[in-house]
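Visitor: I would like to learn how to read some features of a protein model. Please show me the structure and take me through it.

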Amino acid sequence: MTEPLLHGYFRSTASYRVRIALNLKGIAYRDAFHHLRKGEQNAPAYRAINPQGLLPVLEIDDSVLTQSLAICEYLDETHPEPALLPADPVRRARVRAFAQAIACDIHPVQNLKVLARLRALGLDEVQVIDWARAVIDDGLAACASLIAGEEGPYCFGPAVSLADLCLVPQLVNARRFGVDLRWPRLLGIEAACLELDAFRRAAPEAQPDAE
């Protein structure tokens, strides 16, 4: 396997998930940075790689992989240790459901593209931020309930899973929008994850393109 190339942006929570996965798997990779706020993801050269114009993309060998959860599961299948999904089918489905609650239901409706659309529809900046804050608040409250019966220190017990790879970046975004992080269980998971080098090295502030 040639060294993968990760197209990302330091503040992209989806890119953050993939960085954590690569680090956990011990996979060295190269970076290509695309500044989302400057619209670099819409450049024709990047659109030729990913027609959606979204981050991240992982170029690996002769393949171009898109969508962060699909990339993480590819890495889990090709580099099984440490596993990001449990062996038991029911628990595997529950981990995926938690991860998708963030990646499919929270993140997409408070990302830059949606917030820009709200502004274009005439909402002022306070209303736009309130929208993002409400979306994140509702979603994290549901996430806390989804794992209410689970032992720690991570979302689903003693091992890091795909759920943790989604939760930690989303908590970073929650702080950016001023969400009241009133869920001790979620904050405890975050603290446990940030004890791990793989998470610390993946953090936005640790990236070469951080501002």
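Guide: We begin with burial: a residue counts as buried when its relative accessible area is under 20%, and as exposed when that area is over 50%. This is a predicted model. Cys-143, with a relative accessible area of 0%, is therefore buried.

Visitor: How many disulfides are there?

Guide: A disulfide is a covalent bond between the sulfur atoms of two cysteines. To count here, the two sulfur atoms must be within 2.5 Å. The count for this model is 0 disulfides. Cys-143 is in none, since the nearest cysteine sulfur, on Cys-155, is 8.1 Å away. Cys-193 also takes part in no disulfide; its nearest cysteine sulfur belongs to Cys-155 as well, at 6.7 Å. The relative accessible area of Cys-193 is 0%, so Cys-193 is buried.

Visitor: How is the packing of two helices described?

Guide: Two numbers are used: the angle between the axes and the distance between them. Take helix α1, residues 13-24, and helix α7, residues 162-176: their axes come within 9 Å and cross at roughly 140°. That angle makes α1 oblique to α7. The crossing of this pair is right-handed.

Visitor: Which residues make the contact between α1 and α7?

Guide: On α1 they are Thr-13, Tyr-16, Arg-17, Ile-20, Ala-21 and Leu-24, and on α7 they are Leu-165, Cys-166, Val-168, Pro-169, Val-172 and Asn-173. Sorted by class, the residues of this contact are 9 nonpolar, 2 polar and 1 charged.

Visitor: At what angle do α4 and α7 pack?

Guide: Helix α4, residues 89-106, packs on α7 at an angle of about 30°, and the axes are 7 Å apart. Because angles under 35 degrees count as roughly parallel, α4 is roughly parallel to α7. The crossing of α4 and α7 is left-handed. The α4 side of the contact consists of Val-95, Phe-98, Ala-99, Ile-102 and Ile-106, while α7 supplies Leu-162, Ala-163, Cys-166, Leu-167 and Gln-170. The contact of α4 with α7 has 9 nonpolar residues, 1 polar residue and no charged ones.

Visitor: Which residues of helix α3 are buried?

Guide: In α3, residues 68-78, the buried ones are Ser-68, Leu-69, Ile-71, Cys-72, Glu-73, Leu-75 and Asp-76. They pack against α1, β3, β4, α4 and α7.

Visitor: Next, the loops. Is His-35 buried or exposed?

Guide: His-35 sits in the loop between β2 and α2. Its relative accessibility is 12%, so His-35 counts as buried. Apart from its neighbours within four places in sequence, His-35 is in contact with Tyr-9, Glu-40, Gln-41 and Glu-211.

Visitor: Where are cis peptide bonds found?

Guide: One of them runs from Leu-55 to Pro-56, with omega near 0°. Pro-56 lies in the loop between α2 and β3. Another joins Glu-81 and Pro-82, where omega is about -10°. Pro-82 belongs to the loop between α3 and α4.

Visitor: What is phi for Asp-61 and for Gln-67?

Guide: Asp-61 is not a glycine, yet its phi is positive, about 55°. Asp-61 is in the loop between β3 and β4. With 43% relative accessibility, Asp-61 counts as partly exposed. Gln-67, again a residue other than glycine, has a positive phi near 70°. Gln-67 is placed in the loop between β4 and α3. A relative accessible area of 41% makes Gln-67 partly exposed.

Notes: Residues numbered from 1 in each chain as written. Predicted model: local features only at pLDDT ≥ 70, side-chain atom pairs only at ≥ 80, totals over all residues. Heavy atoms only, no water. Buried < 20%, exposed > 50% of the residue type's maximum accessible area, 1.4 Å probe, protein only. Axes fitted to C-alpha atoms, helices over the stretch in contact; angles between N-to-C directions. Helix = DSSP H or I, 4+ residues; strand = E, 2+ residues; numbered from the N terminus. Parallel < 35°, antiparallel > 145°, perpendicular 65-115°, else oblique. Left-handed = near helix turned anticlockwise from the far one by under 90°. Contact = heavy atoms within 4.5 Å. Nonpolar A, V, L, I, M, F, W, Y, C, P; charged D, E, K, R; others polar.
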